[in-house]
Amino acid sequence: MKQIFKKAAAFLCSGMLLTGTAVQFPARSITASAASNTIYNDTFWKDTSGNFIYSQGGGVFQFGDTYYWYGVHYSGAETYAKSPTGKNSDTAFKSVTCYSSKDLVNWKFENDVLTSSTKNFGWAYWVGRMGVAYCKQSKKYVLVTQYNDSILFASCDSPTGNFKVETVQDQIDGVLKQGTGDQTVFVDDDGQAYIICSNKGGRGHQYVSRLRPSDFLYAEKATEVAKGSGREGNCLFKYKGKYYFCASDLHGWNSSHSYYMVADNLLGPYSGWKVMEGTDEDFSHVTQTGFFYTVKGTKQETVLFCGDRWSDFAGNGIGYNQWVPLTVNGNDVKFNSLSEWNLDAVTGEWSVGAGNNYCLNPSFEADRVSQTTLAGWKFSGTGNSNRKGGHTGNWCVQQYDANAFKATMTQDAAVPNGTYTLKAWVKSTGGQNSAMVYVRGYGGDDKIMNVNKKMDSWTQITIDNIAVTTGKVQIGVYSDAKAGNWLMVDDFTLIGDGAQPVVTPVEPIKYADGTYIKNLTVNDAENAADWSVQTEKQPGSNVFGDRAFTFTGEMPAVLNGAEWISTACDSKKYGDTEAQFTAGEDITAFIALDTRVTDVPAWLGDWKQTADTITDDGDPQVTYQLYRRDFAANETVTLGALAQANCVNYAVAVTAKQAEAVIGDINADGICSLTDVVMLQKFLLTDGTLTTEQAAVADMNADGKLNAIDLTLLKRLLIQ
């Protein structure tokens, strides 16, 4: 994030938080309570004494059996915590704070370990993006922080003591120009510490710089690990041997998608940038990448995404820390946007909190600028937008037009089955033909709250007893209004009733049997409801059960009379066998595979690629290559994992067993004969026509063309 500081003139100095993996010194077991503790986001946190936690631009590190959280206390954090509204850009440095914890949830204030009064600290218009690492060789705790346009190093014998300024380094060799862009500290499993950063101007280059092993008081020549994309919020975590270099958009104060690159070695090579799944809907829970902490529990490892809210525009100001768990699976990282969740630092396990708000971007602060479509919400009709003057924060959503209009906005919230209550704050001119807040798609009748009446001040509405059995709820706002009518809505909450959301056991889905497809079982429980068995698909039929795009163009003749398994496109991310079924009789099964798939799954190795393709009308349009394989009656057909993100899932079609086309058998009579030679010769002389299927078997050298070479090869085959 960018911060503005003044010293006669404005200085722009941007950065993000800091990261570190656990340092075991001395090595002892963690003594945190096994009971789950709850992390509450969307509020200004307090320490165990009830005082506000002032810790920004820092990171969490483990020394011995205790976690230590270091960050910066800015003057503006105090004024914002007391009155969390409006602009706040006061980044005057007060201190580097240190808090301690046994469970990563409850934090005790320890000390201001570095202040503007510290000897040799000097005058500074900017201090931030810092962290602390323990150097085994010098037996010192070393603090590394941005300091004006340089890097300051300080040390101490204790993690909570008063740190001593050691040196200031103006330039890291290998980094463009003086100073770093956003900077964090990462400590690898062997205890070696590194600076993770970008260049300051433009932030289009990303670097890893090792701290001098003897004392950690100097940043050695940096290795450039990426370039070309402006990124800030540079930080890194390690999970099960892989390194994940993360950053945000170059958005200044604004919240952002979160990006990451993956490598097997800290210095690369790294993959290209990918957007972290789950950060689109509310722009990383209205944060930017801050720092990470990997909890290595007795039962599992959990990576904490520690996001930072610095907002000069909305009511999110200086001081909000937003922590959520990540789900990491190899090269795939998922952001779990939660307002409330439980963490067990001993086992590493986490769970959603009973009071979690399942509505994403509920206060419309994620976008931070005027928009007609908002993160996490879908819009149709005219008159939808955000506007300033929300119930809280800066923004709310509005349905308004100078002419008569109809407007709809919806969000499909994924929730565990149980009973929920929806609340929202509303203002309205009244007089609309219809204006409502509603829920539907949860497994019961639509629940509607009419709001087409005059409400000059913010009024809270409630829709309760939403008994969810489908694993989702659609939240909607609708206006059928006269010219000049308006409806404003803000601060949605969708929270489960009772101590815990009520979870109703879900019976396995029973799919209808076809003639060829029997006993379909879908293993991807999350998306199983979007699978089905269908008797046929034609041009215009939906490709998937959870997408709107359709097949287009002529279907290959080999699929005439086929039964289909309509899969869920989202099952492409499932990491194991997606489904299986039983062949109702002797069959030929076809897999339609996205041609953008670079590594054909190993389970398709026994399937034969055909010359046939299908297309859809998506954006972008996708072409599917057909693969075929025969199965005997009662044999199990396994539909394996695709486990790829940059493509769509496969489609499945099944017919009665077909004789495989014989190369050169153009008239499909089962043999290659003189008749076939004559048909190809006439076609080449433009005296005859061939269907797509006939052309495929006439292409003797499989080069995609029909010419004299194919005629020669066909004649040779006939002679043989």
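## Strands, a few helices and one buried threonine

The protein chain holds 5 helices and 45 strands. Helices (H or I, at least four residues) and strands (E, at least two) are DSSP runs, numbered from the N terminus. This is a predicted model: local features need pLDDT of at least 70, side-chain atom pairs count only at pLDDT 80 or more, and totals for chains, interfaces and linings use all residues. Residues are numbered from 1 along each chain as its sequence is written, and side-chain values use heavy atoms, with hydrogens and water left out.

**The whole chain.** The C-alpha trace spans about 100 × 70 × 50 Å along its principal axes. Of the 720 residues, 55% count as buried. Buried means under 20% relative accessible area, exposed over 50%, and partly exposed in between (1.4 Å probe, protein chains only). Take the contacts with a separation of 6 or more: 64% of them come from residues 24 or more positions apart. A contact means heavy atoms within 4.5 Å.

Two strands pair if DSSP finds at least two bridges between them.

| Strand pair | Bridges | Residues facing each other |
|---|---|---|
| β6 (residues 93-101) and β7 | 6 bridges | Serine 100 and lysine 108 |
| β41 (residues 587-594) and β43 (residues 623-631) | 8 bridges | Alanine 592 and leucine 626 |
| β42 (residues 608-616) and β43 | 5 bridges | Lysine 608 and arginine 628 |

A hairpin of 6 residues joins β42 to β43.

**Threonine 421.** Threonine 421 is found in strand β30 (residues 418-428). Is threonine 421 buried or exposed? Its relative accessibility is 15%, so threonine 421 counts as buried. Leaving aside neighbours within four places in sequence, threonine 421 is in contact with several residues, including Thr462, Ile466, Leu494 and Asp497. The side chains of threonine 421 and aspartate 497 are joined by a polar contact of 2.9 Å. A polar contact is a pair of N or O atoms within 3.5 Å; within protein, one must be able to donate a hydrogen and the other to accept it, and residues adjacent in sequence count only if both atoms are side-chain atoms. Aspartate 665 lies 244 residues from threonine 421 along the chain, and their C-alpha atoms are separated by 66 Å.

**Helix α5.** Helix α5 (residues 708-719) has 12 residues. From first C-alpha to last it reaches 17 Å, close to the 16 Å expected at 1.5 Å a residue. The expected span is 1.5 Å times one less than the number of residues. Which residues of α5 are buried? They are Asp710, Leu711 and Leu714. Seen down the axis of α5, these buried residues fall within an arc of 100°, so they line one face of the helix. The arc is that of the directions from the helix axis to the C-beta atoms. The buried residues of α5 pack against α3 (674-684) and α4 (692-698). On the other side, Ala708, Arg716 and Ile719 are exposed. At the start of α5, a side-chain oxygen of asparagine 707 reaches to within 3.1 Å of the backbone nitrogen of isoleucine 709.
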